[in-house]
Amino acid sequence: MKVLVTGATGFLGGHLVEKLLSEGYEVRALARRTSNVARLRELGVEIVFGDLTEPETLGPATKGVDAVVHLAAYYTFFGKKELYELVNVKGTQWLAEAALNNGVTRFVYCSTLNPQFEYGRSKARAEGVVKNLAARGLRYTIVRPTGIYGPRNVDDVAYWFITSYAKGGLASRVKIGTGENLIQFAHVADVVQGFMLVLEKEDVAVNQTYIVSEDRWYTYNQVYQILRELTGKGPPSVKLPPLLAKMLLAPLELYDRVTGEGNLMHRIALVDAVTSDRAYSVAKAKRELGYRPRYDLKTGLKEAIEWYRQNGYLG
Ligand SMILES: NC(=O)c1ccc[n+]([C@@H]2O[C@H](COP(=O)([O-])OP(=O)(O)OC[C@H]3O[C@@H](n4cnc5c(N)ncnc54)[C@H](OP(=O)(O)O)[C@@H]3O)[C@@H](O)[C@H]2O)c1
């Protein structure tokens, strides 16, 4: 079976491509001209250059494959509204239409469970696009991972949070709210397992949506405790009430907006994110796909921190 993977140069995509190859799939990657494709070349992956924002490149990319796994995204929390629409919504539509035009009906879309930011809202709109195309014969599956962490994650919230904590930075010193809100994570290997099962169990997965994650949630205080055991740092001793946190963040966010700089930690929406419960059930994926997440947070974080240490991300 030949699979086109978009976002193959990214964190999740890199892990998924390796797993697909090890399981005997043929893999083609969509990569931008600016993408670092060295690792994909090393792995012998077929590369088709293109861009989600250039629809004319998506026909050649989708031609002759059996399925598309669409991971590529404008994945940032402080991006430009028009780019969320262009890359995440329009790009998904153009890719799925290109697949359909080439007779490729199997389309697996990686979404998210993060509604607080425009990023998450654009992914939700893209889900709508994918579902609408079912009327034209698209056999879609939507996979919604919780926050993903693991080796080689060097550019997002989980990365910032884990490395800041392990270095005794802000994350290990300040917490917003009581710390009793719920949060849920997924080790990258468990997310990859979800995508593999969706491809293998096509008959049950068609036109379905699945959440993939560790099969339990944690309070932030429990996460701090685990990180404390693994790093010897924290737990945070400064507690900021949510309203005060928002007042402190407001000028920083404004400054970022004016200068065009971006720091997720400067976003007021972050306060709502960490003071609301984000707990989900993976029961459907377990029941229908046989999904069995293998990593508990402590084991997974231990591995991730070790990787950061060995690769120079902890100074
Ligand atoms: N990480 C998480 O915690 C998390 C949680 C839930 C869902 N997700 C979803 O998982 C997917 C993968 O996330 P990730 O963490 O692996 O992100 P990532 O490391 O930032 O990778 C993003 C990928 O998208 C590609 N890309 C971006 N814009 C593109 C465009 N215009 N055309 C073609 N390719 C483009 C990037 O290519 P370049 O190499 O050229 O930049 C890169 O390969 C995304 O859909 C994200 O929304 C992630």
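**Reading the rings**

Analyst: Y75 has 39% relative accessibility, so Y75 counts as partly exposed. Buried means under 20% relative accessible area, exposed over 50%, and partly exposed in between (1.4 Å probe, protein chains only). This is a predicted model, where local features need pLDDT of at least 70, side-chain atom pairs count only at pLDDT 80 or more, and totals for chains, interfaces and linings use all residues. Residues are numbered from 1 along each chain as its sequence is written, and side-chain values use heavy atoms, with hydrogens and water left out.

User: Is F77 buried or exposed?

Analyst: F77 is buried, at 11% relative accessibility.

User: How many aromatic pairs are there?

Analyst: Rings of Phe, Tyr and Trp (its six-membered ring) pair if their centres lie within 6.5 Å; planes under 30 degrees apart count as stacked, over 60 as edge-to-face and the rest as tilted. The count here is 14 aromatic pairs. Take Y75 and F77: their ring centres are 5.7 Å apart and their planes meet at 65°, so the pair is edge-to-face. Y308 and Y313 have centres 6.0 Å apart and planes at 75°, so they are edge-to-face. Y308 is buried at 0% relative accessible area, while Y313 is partly exposed at 27%.

User: Which charged end sits over the ring of Y218?

Analyst: A charge sits over a ring if NZ of Lys or CZ of Arg is within 6 Å of the ring centre and within 35 degrees of the ring normal. For Y218, the charged end is that of R216, 3.8 Å from the ring centre. K284 lies over the face of Y210, 5.0 Å from the ring centre.
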